[in-house]
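Student: I would like to go through this model and ask what stands behind each label.
Tutor: Go ahead, one label at a time.

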Amino acid sequence: MIKKFVKNFNDSVGVMQNSTFAKQLWIIVPVFLLLVLVTVLIYNHYADFTWDNFLAGFNQEFLIFFAIGVFAQLVDGTLGMGYGATSTSFLLAYGVPPAVSSTGVHVAEMFTSGASTISHHKFGNINKKLFRHLLIPGVLGSVTGAYLLSDVIDGEAIKPFIAVYMMVLAIIIIKKALVKNIVKKKTKRLDLLASFGGFMDAVGGGGWGPIVTSTLLGRGRNPRYTIGTVNAAEFAVAFASGVTFMIFGGIQGWQVIIGLILGGVIAAPLAAFLVNKIPRKPMMIVVGILIIILSLKTLSKLL
């Protein structure tokens with residue numbers, strides 16, 4: 001009897017330890033990957049990180065990129081979509097080239113989505129089963145898209161198409177906000193959805209959230225767990241595309257990247273806390289309209 005009790009007790013302790021370690025991995029993995037990334041960036045680009053360059057970078061433009069990072073992360077963390085679409089629309093409207101803006105957004109998104117993953121895990125917003133379904137297809141799609149934009153597609157040539165694509169994403173966001181009665185349906189082929197979302201996110205500078213999150217929410221999934229899980233998967237998607245951009249296209253626009261990173265990391269915990277605190281539909285409509293206005297401004301400069 002005593003032996004049986006001891007065995008059951010040991011089994012229980014083992015399960016608890018495994019569970020605790022699994023929970024810690026949601027923090028350990030993003031932190032480890034980001035530390036490795038920072039080390040590699042500093043090692044490869046240490047000449048750019050001089051004190052003079054550091055001080056020179058803190059100007060009005062940096063504050064603009066910082067503000068874009070804060071706003072984009074608040075949108076993404078609370079709606080589960082819109083970081084890429086919002087930040088890319090602002091950057092293109094400000095005159096940043098597509099390749100620089102997409103690289104900047106995805107390198108910055110490594111850090112912001114990492115912070116967002118940790119924050120959503122802390123608040124218990126992640127569905128692990130859904131996360132596993134989205135992870136690998138999303139990564140494969142993002143790597144393919146990032147490679148094409150870095151090494152095959154002319155960024156300036158597709159700038160007007162990206163602006164139009166951003167407007168399409170904005171319409172999707174607004175349309176989802178206006179749907180009144182959502183009937184819960186089973187989502188088929190999550191792998192195709194994640195692959196398409198990752199690919200368009202990398203090529204267009206945004207789209208993971210509007211494509212994946214809006215589809216899942218449109219199928220009646222729980223907003224809290226959908227937003228938290230898609231944000232968590234976005235870390236892997238952004239990390240994969242960001243590394244691909246760095247390998248094939250190099251790093252450009254440090255001021256953009258650092259501004260977006262600092263703004264996004266600061267806003268991520270607040271966004272995760274606010275995910276169930278603010279009215280989603282009015283905010284989705286406002287964000288959608290804002291993206292359309294910014295995209296029209298970008299198109300007006302090109303015509």
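Student: How much space lies in the largest pocket?
Tutor: In this predicted model, the largest pocket holds about 390 Å³ of space.

Student: Which residues line the largest pocket, and which lie nearest its centre?
Tutor: The lining is made of 20 residues, and Val-38, Leu-41, Phe-111, Ile-261 and Leu-262 are the ones nearest the centre. Two or more lining residues come from each of helix H1 (2-44), helix H5 (98-122) and helix H11 (254-274).

Student: What classes of residue make up the lining of the largest pocket?
Tutor: There are 19 nonpolar residues, one polar residue and no charged ones. Val, Leu, Phe and Ile count as nonpolar, so the residues nearest the centre, Val-38, Leu-41, Phe-111, Ile-261 and Leu-262, belong to that class.

Student: Why is H5 called roughly parallel to H11?
Tutor: The two pack at an angle of about 20°, with axes 8 Å apart. Angles under 35 degrees count as roughly parallel, so H5 and H11 get that label. Their crossing is right-handed.

Student: Which residues of H5 meet H11?
Tutor: On H5 they include Gly-104, Val-105, Phe-111 and His-120, and among their partners on H11 are Ile-257, Ile-261, Gly-264 and Pro-269. By class, this contact has twelve nonpolar, six polar and no charged residues.

Student: What makes H8 and H9 roughly antiparallel?
Tutor: The axes of helix H8 (residues 190-204) and helix H9 (residues 208-218) cross at roughly 155° and come within 7 Å. The label applies to angles over 145 degrees, and H8 and H9 are therefore roughly antiparallel.

Student: How do you know that a charged residue takes part in the contact of H8 with H9?
Tutor: The contact divides into nine nonpolar, three polar and one charged residues.

Student: At what angle do H6 and H8 cross, and what is the hand of the crossing?
Tutor: The axes of helix H6 (residues 128-151) and H8 cross at roughly 35° and come within 6 Å. The crossing is right-handed.

Student: Which residues meet between H6 and H8?
Tutor: Among them are Leu-130, Pro-137 and Gly-141 in H6, and Asp-191, Ala-194 and Phe-199 in H8. The contact has eleven nonpolar, eight polar and one charged residues.

Terms used: Residues numbered from 1 in each chain as written. Predicted model: local features only at pLDDT ≥ 70, side-chain atom pairs only at ≥ 80, totals over all residues. Heavy atoms only, no water. 1 Å grid on protein atoms, 1.4 Å probe; cavity = no way out; pocket = protein on both sides within 12 Å on 5 of 7 lines; lining within 4 Å. Points joined across faces, edges and corners; volume = space filled by probe spheres on them. Helix = DSSP H or I, 4+ residues; strand = E, 2+ residues; numbered from the N terminus. Axes fitted to C-alpha atoms, helices over the stretch in contact; angles between N-to-C directions. Parallel < 35°, antiparallel > 145°, perpendicular 65-115°, else oblique. Left-handed = near helix turned anticlockwise from the far one by under 90°. Contact = heavy atoms within 4.5 Å.
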